[in-house]
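Please keep the structure in view while reading.

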Amino acid sequence: MPIEYFGLKQISGPLIVLEGVENASYEEVVEIKIDENTKKVGRIIEIHGDKAIIQVFQGTEDMSLTNTSIKLTGKPMEIGLSEDLLGRTLNGIGKPIDGLGNIYSEKKVSINGKPLNPVAREYPRNFIQTGISAIDGLVTLIRGQKLPIFSGNGLPHDQLAAQIIRQATLGSDSNEKFAVVFAAMGIKNDVADFFRKTFEESGVSSHVVMLLNLASDPVVERIITPRAALTIAEYLAYEKGMNILVILSDITTYCEALREISSSKGEIPSRKGYPGYLYSDLASMYERAGIVQGGKGSVTQIPILTMPNDDITHPIPDLTGYITEGQIVLEKRLHQQNVYPPVNVLPSLSRLMKDGVGEGFTREDHQALANQLFSSYAHVGEVRDLASVIGEEELSDVDKLYIMFGKAFENQFIKQTKFENRDIEHTLELGWKILGILPREELDRIDTVFLDKYYTSNKE
Amino acid sequence: MNAEGKIYGINGPILSVIDCDSFRMAEMVLVGEENLIGEVIGISTEKTTVQVFEETAGLRPGELVKGTGTSISVTLGPGIIGNIFDGIQRPLKDIQKLSGYYISRGIAVSSLNNDKKWDAHMTVKIGDQVSGGTIIAEVPETSVIIHKVMVPPSVKGTVTSVKPDGQYTVNDIIVQITDEAGNTVDLTMVQKWPIRIPRPTARRCPVEKPLITGQRILDTLFPIAKGGTAAIPGGFGTGKTMSQHQLAKWCDADIIVYVGCGERGNEMTQVLEDFSKLIDPKSGKPLLDRTMLIANTSNMPVAAREASIYTGVTIAEYYRDMGYHVALMADSTSRWAEALRELSGRLEEMPAEEGFPAYLASRLSSFYERAGYVETLNKKEGSVTIIGAVSPQGGDFSEPVTQNTKRFVRCFWTLDRALAYARHFPAIQWMTSYSEYLTDLEPWFEANVSPEFVRYRNEIMKILHEESNLMEIVKLIGSDVLPDDQKLILEISRVIRLGFVQQNAYHPLDTYVPLNKQLKMMEVIYYLYEKSLLLVNMGMPVSLLREDDIFERVIAIKYNIGNDELDKLEDFKKEIDAFYNRLYDKNA
């Protein structure tokens, strides 16, 4: 019979301090009762002898030093797992909120997960076709990759994620089992509705697990949401052999929740007030993507992150970029020019692309073509800078072609509609077509063999 | 009797332990029922502070903390090369056998395989005087590495018994000696050494030999010496890890110690896969036969991340003591520094710059100082070269880890975002990078490659430098208004950038280029410059020169001419002469 403790020593923000505890363990979950009727859940985050600091998930409203009783459960934070989770909607800590009753669970597992042994991993190599030229052509998504979308407020990152879900899942004609785990951390109700509608319209809702912690929901729960989601994803992938796409939105809100808790604990802050362990904490989520040897399933992560003030050097995008295998960066300038998806390809990168494209995967010329597009488009930026000083008229003839190439690249290659699904051949052909604007001598990243085979000059 | 205390407080990986005051600093301790591995990092009369190298969830106050009487050490002996370990030298493959895909905690595995029998050839006989470093046996560890079993540094005496050559496990006693006090000391193939203490050597030697990497921009423009130190700072996506991989694959060290410190799990998997497939061009054997890996990925416990680079450098020193040239790649030292910061924060220490502890600089310097070219205790020459990647926050090189690293390394290879965005790799910025070894290594290059090597190198550097100055003007007014000799500088710089500095790691020919081809390439490019300059001085515009395809053909040398077809490069000079004559006849 677990002991019940009455009364508290201190309440500070989302944290409470309990004294005189016996046998409490680190990271243990506790049940909290207020006035004998309201129930809440908390977790021990620090212990000093008989004093425990507890993080309360549903907020500390109504709690006083005397009206609260606490029961230790003896277990870390766990979530029940079963295939019945598919098609269900849960709250931020994994309890069903769709009114469809409880979920019978096959087993219960700690949400913290364990680090995947690097020798047990399989290096990801399988290309996922998203039907979006900017991604397929230049920032290829690979099964088992973690590829975040770096976005800003007011940019269509949700639409882009939705398009990836629609086209990547349904475009695949193999018999492999696909599922989506969607974790919302402090996102707006409208956004959650948008995703729910997307899942319904594209007919995948029976293959989606949604975990919703909305902007109005308790902040502390946000710390749990992505971990619960990833625990479900790992279970479905490695034990049930499914290919799982995990969408985490929004990482920035998650980090802010972490900062809030850290500051109420009185920890020493590092950059911009975020705790010193932000890197390790983010890594413990992102590194849960991958493929294991001999397993059939995979966990692919697309975290969405709104860069505060569109600043890519802000600690959150910065640390994320150091952990994830690349990033897709969205840009306001393109968005204003009505280019969808507004992907700024220059800072965008897919680290796994080099091993997942080319002969046997996509097409032999893919990598060379991508390198040339990157290189030429980088030069467009320099020419545009020059043109803004001396005027477009004064540019050399070659540089004028670069200006044309830049426009074509943005308006024909990058730009497409929200329901346009281009296959990889189409994307590559389009790439060659716009490279045709430039004279052949300018294409210094492509082997002459490919130039002979694919290049045709296109001087309009 | 070892010290024993009880857990009082738990905060992440940091524990406070009471009821005991006899722990020693840096002692290894076993924590709780699962015997998690920890290290003593602070002692006061009231409590001892311990950092735990494994996940601490579930620990309770009152659980026992047991001392082991020894510092955190590595186990040194045959079986290290070709293996992959975690930050405290536990073999990950053995962990996988015990706990599957995931790394569970409290797994007791020994660092080296205790059952495997190694072929040992004894190199001492009864009556020999031996001291620290004396080689007592030779064991073929892999197809390319002979492991030399040595007397531990502090031991000295006379050999009293020697086993015959044959097969032994690492723990079999192979030699017995009597020390000066008359005690018998049993020697096996293994010895232990605390990771935070440098292994002793006879003396340090000056560095005068380059570590040849086969990467043109490094070997010619910014060379590193064997026994030297280098840092590769760069924001994310600029190619730090790729550069480290290239160095680990192609540099001419005997042994590579690759420390993946707080980086991605998939990258370590890739190194394992690639290195077991790739063949070392010098030995003809798989690269894994000369490589050992330490993987503490970013999601593995943070305290072990702090320990991982010390584990790596201690192993590197051990092989150096056998007379090998060892190169240590640490990717990334920023993660290690952040681990320090995280632990320091948990200890509530007063932070210095950006939350990093005040001892960041001294820790960095003592790590990099463990590099060096030395005469070992057994009078051989060996070296440890340290190449550390730095991941500056926000790509800003003025942050504390980059700045403090810069003070203690002598090669600084800065990776540039603009180059990486244009997919110019390696994205090493030639204007901001430097090597202080240039003058140290000049005599070697002159004696072993060519007396002209350094001259060409300086000319190439000068052209790149001039280009950078000209680009300031071009940015404002365009290149059309420049005089033709300056336009030529831009054109030749383009040839240097695309044809020489840029190197394709995925191209079978271009991924590794020997020094003599590097020299010839510089020679051809410089010859092209000289001849073109003559034409320009005659009043021919650069646009006319550019109509000839010679520039593009020189750029394509790296792909079209094999590493052993140097005579073809000599032919190129004739083609440049032909180009000169063509233009001369037509226009002069």
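In chain B of this predicted model, helix H11(B) passes helix H13(B) in a left-handed crossing. Two packed helices are described by the angle between their axes and the distance between the axes. Here the axes come within 10 Å and cross at roughly 50°. Angles under 35 degrees count as roughly parallel and those from 65 to 115 as roughly perpendicular; H11(B) and H13(B) are therefore oblique to each other.

Which residues of the two helices meet? The table lists them by helix.

| Helix of chain B | Residue range | Residues in the contact |
|---|---|---|
| H11(B) | 453-477 | B:Phe453, B:Tyr456, B:Arg457, B:Glu459, B:Ile460 |
| H13(B) | 515-537 | B:Leu519, B:Met522, B:Glu523, B:Tyr526 |

The residues in this contact of H11(B) with H13(B) comprise 6 nonpolar and 3 charged ones, with no polar residue.

The second feature is a sheet. Strands of a sheet pair through backbone hydrogen bonds, either parallel or antiparallel. In chain B, 4 strands form an open sheet in the order S12-S11-S9-S14, and the pairing is antiparallel. Strand S12 (146-150) and strand S14 (166-168) of chain B are the edge strands, each pairing on one side only. From one strand to the next, the twist averages 40°.

How many bridges join strand S11 of chain B to S12(B)? There are 5, and S11, which covers residues 135-140, runs antiparallel to S12(B). B:Pro140 has B:Ile146 in S12(B) as its bridge partner.

Notes
Residues are numbered from 1 along each chain as its sequence is written. Chains are lettered from A and ligands numbered from 1 in the order in which they are written. This is a predicted model: local features need pLDDT of at least 70, side-chain atom pairs count only at pLDDT 80 or more; totals for chains, interfaces and linings use all residues. Two strands pair if DSSP finds at least two bridges between them. Axes are lines fitted to C-alpha atoms, for helices over the stretch in contact, and angles run from 0 to 180 degrees between N-to-C directions. Angles under 35 degrees count as roughly parallel, over 145 as roughly antiparallel, 65 to 115 as roughly perpendicular and the rest as oblique. A crossing is left-handed if the near helix is turned anticlockwise from the far one by less than a right angle, and right-handed if clockwise. Two residues are in contact if their C-beta atoms, placed from the backbone, lie within 7 Å. Ala, Val, Leu, Ile, Met, Phe, Trp, Tyr, Cys and Pro count as nonpolar, Asp, Glu, Lys and Arg as charged, and the others, Gly among them, as polar.
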